[in-house]
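Subject: Handover of a structure

Dear colleague,

I am passing the structure below to you for your files.

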Amino acid sequence: MSKPAELANLIGNINAGGGGVNRNVIINGAMNVAQRGTSSSGLGAATGYFTCDRWNLYQNGTAGRLTMSQDNDAPEGFSKSLKFACTTADTSIASGESLQIVQKIESQNMQHFKKGTSNALPFAVSFYVKGNASATYVAELEDYDNSSRHVGKTFNVTTDWTRVEITFPADTTGVLGEDNDTGIALNIHLHSGSFNAGGTLRETWGTLSQADRVGGGKTSFFDSTDRTFFITGVQLTAGSVHHDFIHESYAETLAKCQRYYEEPFGSFRAGTGLSGTLAVSYDYTVQKRANPTVTVTSVGNRDAISSHGIQANTVSHCAEQFAIGSGVSGSYVYGGQVKADAEL
Amino acid sequence: MNITKAQYTTAEKEMIKATIDDMEMFVPLDPSNRHYAEILKQVADKKLTIKEAD
């Protein structure tokens, strides 16, 4: 980029209200963080978070299956992408079928878009995509605070990395609440039945019209087991100027992701003959968005432990209590690992 | 979200132990928690009952 272009980009960043840094409300847009694992196969039967942090795979009713992975194939300036590879095709598409990649954004992080006011700003969405063959999909913004008002635009995929820039119009209707629940979601529609694709794609904000969320004539990701889709560098900023992707350190992205999910370890040393109960506290690295759901993933040194379970749970820590049945026979360190999930 | 079992962990109803997508999870009674919100939805739809604590 030339010096004048760099300066114009910086001025644009500042004018967009973020002081030139961290205006991207998408978290982990460069797909660098994958706390849950780097690959998950056989997906398509359930909605959830599987690989790259913050990216939700939404499905409804499809027989298609895929592998979702963090991949090293990425455009210049990036090291990772999120890859989808179809492993079971689904060419008999029932009305309600859907496959989407979704990132939900807290309402309180969207206030500077001034949505629902006369001074509302446009939404500048950009990302890089690639596939095994040409394809046309839909990117959509959905307003969870206002009965799923929505707006969508198509984008094209080729066999080379392509940067997509979409400017969604400002919405002067529907103020976003200032809270920690979902305000806006960015949905990438990869497969849709007529329930979402039976109408005409709505390219201006409006009340929920399911058939117009995707409209007709789009590619189905599940049309062939050859089908792949890669995406990275996802950015959503306020205003109509599309800025270069705002890179941040791995540590910064990880901390942002840990507001929604982390897997802390905890331990407690027990002496010989100890019986009764032991409590292990897991202090979260980052305060959670809300009280998280906790899953116990492992328990170390099980000598004399008769039962265990989560006893306390807040946005800052949880405590696991162990019942010691007949007394510890030696000096042991008890501990384990939990998963704390406060995703939207 | 496939929820096959839900039970309060204590008589004071401080938390729910649930089996969600074949995983045992401890779900806080926080309306902003997505698992609790889904449990409430399924209870309202009469698809799920939260058992009292043992």
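How do the residues of the lining of the second largest pocket divide into nonpolar, polar and charged? They comprise six nonpolar, nine polar and three charged residues; here Ala, Val, Leu, Ile, Met, Phe, Trp, Tyr, Cys and Pro count as nonpolar, Asp, Glu, Lys and Arg as charged, and the others, Gly among them, as polar.

Some conventions come before the rest. This is a predicted model, in which local features need pLDDT of at least 70 and side-chain atom pairs count only at pLDDT 80 or more, while totals for chains, interfaces and linings use all residues. Residues are numbered from 1 along each chain as its sequence is written, chains are lettered from A and ligands numbered from 1 in the order in which they are written, and side-chain values use heavy atoms, with hydrogens and water left out.

Pockets

The second largest pocket has a volume of about 320 Å³. (A pocket is an open set of points on a 1 Å grid over the protein atoms alone, where a 1.4 Å probe fits, with protein on both sides within 12 Å along at least five of seven lines; lining residues have an atom within 4 Å of a point. A volume is the space filled by probe spheres set on the points, which are joined across faces, edges and corners.) Its lining consists of 18 residues, and nearest the centre lie Gly309(A), Gln311(A), Thr9(B), Lys17(B) and Phe26(B). Strands E17 (305-313) and E18 (317-324) of chain A and strands E1 (3-8) and E2 (15-20) of chain B each supply at least two lining residues; E17(A) gives the most, with five. (Strands, E, of at least two residues and helices, H or I, of at least four are DSSP runs numbered from the N terminus.)

The largest pocket has a volume of about 1400 Å³. Of its 46 lining residues, Thr47(A), Gly48(A), Asn56(A), Met1(B) and Arg34(B) are the closest to the centre. This lining holds 16 nonpolar, 20 polar and 10 charged residues.

Sheet

In chain A, six strands form an open antiparallel sheet in the order E2-E3-E6-E11-E8-E9. Strands E2 (48-49) and E9 (149-157) of chain A stand at its edges with a single partner strand each, so one side of each has no neighbour in the sheet. (Two strands pair if DSSP finds at least two bridges between them.) Strands E6 (98-106) and E11 (182-192) of chain A pair in the antiparallel sense over nine bridges, and Glu106(A) has Thr182(A) in E11(A) as its bridge partner.

Salt bridges

The whole structure contains 19 salt bridges over all chains, each being a side-chain nitrogen of Lys or Arg within 4 Å of a carboxyl oxygen of Asp or Glu. In one of them, the closest N and O atoms of Asp171(A) and Arg149(A) are 2.8 Å apart. Asp171(A) is in the loop between strands E10 (162-168) and E11 of chain A, whereas Arg149(A) is in strand E9 of chain A, 22 residues apart. Both residues are buried (under 20% relative accessible area, with exposed over 50% and partly exposed in between, for a 1.4 Å probe and protein chains only). Lys115(A), Asp143(A), Arg149(A) and Asp171(A) are linked in a network of salt bridges.

Asp181(A) and Arg289(A) also form a salt bridge, at 3.6 Å from N to O. Asp181(A) is partly exposed at 29% relative accessibility, whereas Arg289(A) is buried at 4%.
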